[in-house]
Amino acid sequence: MKKTLLNLRYLCLGLWVAATTLGCTEDQPKSQGQTKKSEITWYRNPFIYNVDVDAFKDSDGDGTGDFKGLTWQLDYLKELGVDVIWLSPFQPTPDNDDGYDVTDYYGIDSRLGKEKDFSKFMQEAKKRNIKVIMDVVLNHTSIDHKWYQAARSDTTSKFNSWYVWSKEQPKDFDKGMVFPGVQTETWTWDDIAKHYYFHRFYDFQPDLNYKNKDVQQEAVKVLKYWLGKGVDGFRLDAVPFIIDVPNAQGKSADPMFDILTMFRDSIKAIKPDAVLLGEANVSAEENRDFFGENGDRLQMMFNFYANQYLFYGLALQDPKPFAKALEEFREKPGSSQWAFFLRNHDEIDLGRLSKSERNKVYDEFGPEANMQLYDRGIRRRLAPMLQDPLKIKMAYSLLLSLPGAPVIRYGEELGMGDDLTLKERLSVRTPMQWDTSSNAGFSSSSKLFRPVISIGKYAYNKVNVAKEEKDAHSLLTFIKQMVKLRREHPEIGLGEWEVLKTKSKVFVIKYTYGDKVLIAVNNFSEKPEEVSLTPFNESKKRIVPLIPGEQPQPKNNSFNIDGYGYQWFALQ
């Protein structure tokens, strides 16, 4: 009996699917020391898919996607290899900021369906062993939220202290804006309240006051409510602004990191393996504060810093800046994990690059003013930026071979384009392109909530699921194959990793996990490069290519790799 249990234990560790869906994954010892005990860490190695419910699939012909439509497409996501669905905001909203202006934290936007539709979606996702995390926007509400309406109309209301006010216009009223070039201030006069209110984002999104214990408890209540509905965790929006301490005098105060500890403890009491994935564009020095010294705050964070230097490296055709960024963020406590991405639902934020570095990325990937946004970013999808199909595939080979959980945005698996006629970040939030029928198979309505891309190189009759599923050489087919390969190699995301130094423009990363060794090679240059693995194969093991096709086959541990070429190797 004990032998059988032991075999099952090793089977669980060896199968990536089991590791991500059954919660059997154990932590690999870090280079900084041994992990003291095993934890439920399904989030260490999943393939995460971000979807806007309103832009994915319309089931009832009203022109807006909904939960029924999303449920219909779960088999597509399962076949793609998705382990976790990340739902963009779906709560009631005036929709002035694409759902990030919430009016009811406990409801479902009527355009997207009813509670029974959400419940059915959750049931069907679980049947397919797909976990679900949801976007939760806790740092601000909509100006139309009943809390703010009560706060502005009655200074004696308990809700008044739920927001941040100033009788006089603060001296720094035009500082600290999230959307420079679009916003003009962070303190706006309210004619009803007769005070200025604070908002990091748009003026219709007043910030909540987290110095108020009632606000903290309400946030915990929201998290517990949705855990009760079956979600497996949360993508916390704008985490630094939740724990910030704004005031009218412009004085700085230490962030309230204890709030993150409280969030973690609260969800753990309800669902021990629930995850907090933080949107926090932080420096290497700050990351431990967000994870927690002992890994007791956020389990996961998006690695924005590495993403910015990835695009800088791609612009230079040189991986060194990206490799350096990865090394700077190597340190993280316990079983914490990074989430890596190429393109997310916002602009590509280049704010941590120097001006000259940022201009280099602009010149290469967003040279026109209409492609840039907020004086710091690019509002294009990946395919129009990189253009070269081989370069795009190399980028996904890289993403799926990074030491963290890979995240992609709906439609990126097809190489969807962008619509720069739409305002700000909506350019990358167009409806999913399913086939060549009317409205890309997204909806039967004559009027859509947002237009599909119907002209140019990325029009839906050229880029769609139905077409790419039949094409053995399509991007969709390639990503399916690469996700499957990643699943077969749990050493990525779990093992110890090392970026190997080469004299070429090739990024080489090595993983060691138990007796498994994997080396991933990705050429940042448009020109062929020579690579030697001899220095990295101390035990003279056999080098086995893992990606089939016309990829390099090593002879005597050396090979030439094509421009924007890629290959993964196992040492056996």
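Which residue in β2 does V51 stand opposite? I looked up the pairing and found that V51 stands opposite L87 in β2.

**Entry 1: the model and its conventions**

I noted that this is a predicted model, in which local features need pLDDT of at least 70 and side-chain atom pairs count only at pLDDT 80 or more, while totals for chains, interfaces and linings use all residues. Residues are numbered from 1 along each chain as its sequence is written, and side-chain values use heavy atoms, with hydrogens and water left out. I took helices (H or I, at least four residues) and strands (E, at least two) as DSSP runs, numbered from the N terminus.

**Entry 2: strand β1 and its partners**

I began with β1, which covers residues 48-51. I recorded a pair of strands where DSSP finds at least two bridges between them. By this rule β1 pairs with β2 in the parallel sense, over 4 bridges. With strand β14 (residues 405-409), β1 also pairs in the parallel sense, here over 3 bridges. I found V407 of β14 to be the bridge partner of I48.

I then looked at the side-chain directions. I48 and N50 point one way from β1, and Y49 and V51 point the other way. All of these residues are buried, where buried means under 20% relative accessible area, exposed over 50%, and partly exposed in between (1.4 Å probe, protein chains only).

**Entry 3: helix α6**

I listed the buried residues of α6 as D117, F118, F121, M122, E124 and A125. Their cover includes α4 (67-72), α5 (74-80), β2 (84-87), β3 (131-136) and α8; I counted a contact where heavy atoms lie within 4.5 Å. After α6 comes N129, whose phi is positive, near 60°.

A125 counts as buried because its relative accessibility is 0%. Leaving aside residues up to four places away in sequence, A125 touches L74, I130 and V132. L74 is 51 residues from A125 along the chain, yet their C-alpha atoms are separated by 6.9 Å.

**Entry 4: two residues with positive phi**

I noted D95 in the loop between β2 and α6. D95 is not a glycine, although its phi is positive, about 65°. D95 counts as partly exposed because its relative accessibility is 25%.

I noted Q387 in the loop between α15 (382-386) and α16 (389-399). Its phi is also positive, near 65°, in a residue other than glycine. At 48% relative accessibility, Q387 therefore counts as partly exposed.

I found an open sheet of 3 strands in the order β4-β6-β5, with antiparallel pairing. Its edge strands are β4 (165-166) and β5 (187-190), each of which pairs on one side only. β5 is joined to β6 (residues 195-198) by 4 bridges, and D190 stands opposite H195 in β6.

A further open sheet of 3 strands has the order β11-β13-β12, and its pairing is antiparallel. The edge strands here are β11 (348-349) and β12 (372-373). Between β11 and β13 (residues 377-378) I found 2 bridges, with I378 as the partner of I348.

**Entry 5: packed helices**

Two packed helices are described by the angle between their axes and the distance between the axes. Axes are lines fitted to C-alpha atoms, for helices over the stretch in contact, and angles run from 0 to 180 degrees between N-to-C directions.

I found α8 (residues 213-228) and α10 (residues 258-270) packed at an angle of about 30°, with axes 10 Å apart. Among the residues that meet are Q216, V220 and L227 of α8 and I259, F263 and I270 of α10. The residues of this contact divide into 9 nonpolar, 3 polar and 1 charged. I classed Ala, Val, Leu, Ile, Met, Phe, Trp, Tyr, Cys and Pro as nonpolar, Asp, Glu, Lys and Arg as charged, and the others, Gly among them, as polar.

For α12 (residues 304-316) and α14 (residues 355-365), the axes come within 9 Å and cross at roughly 65°. This contact has 8 nonpolar, no polar and 3 charged residues.
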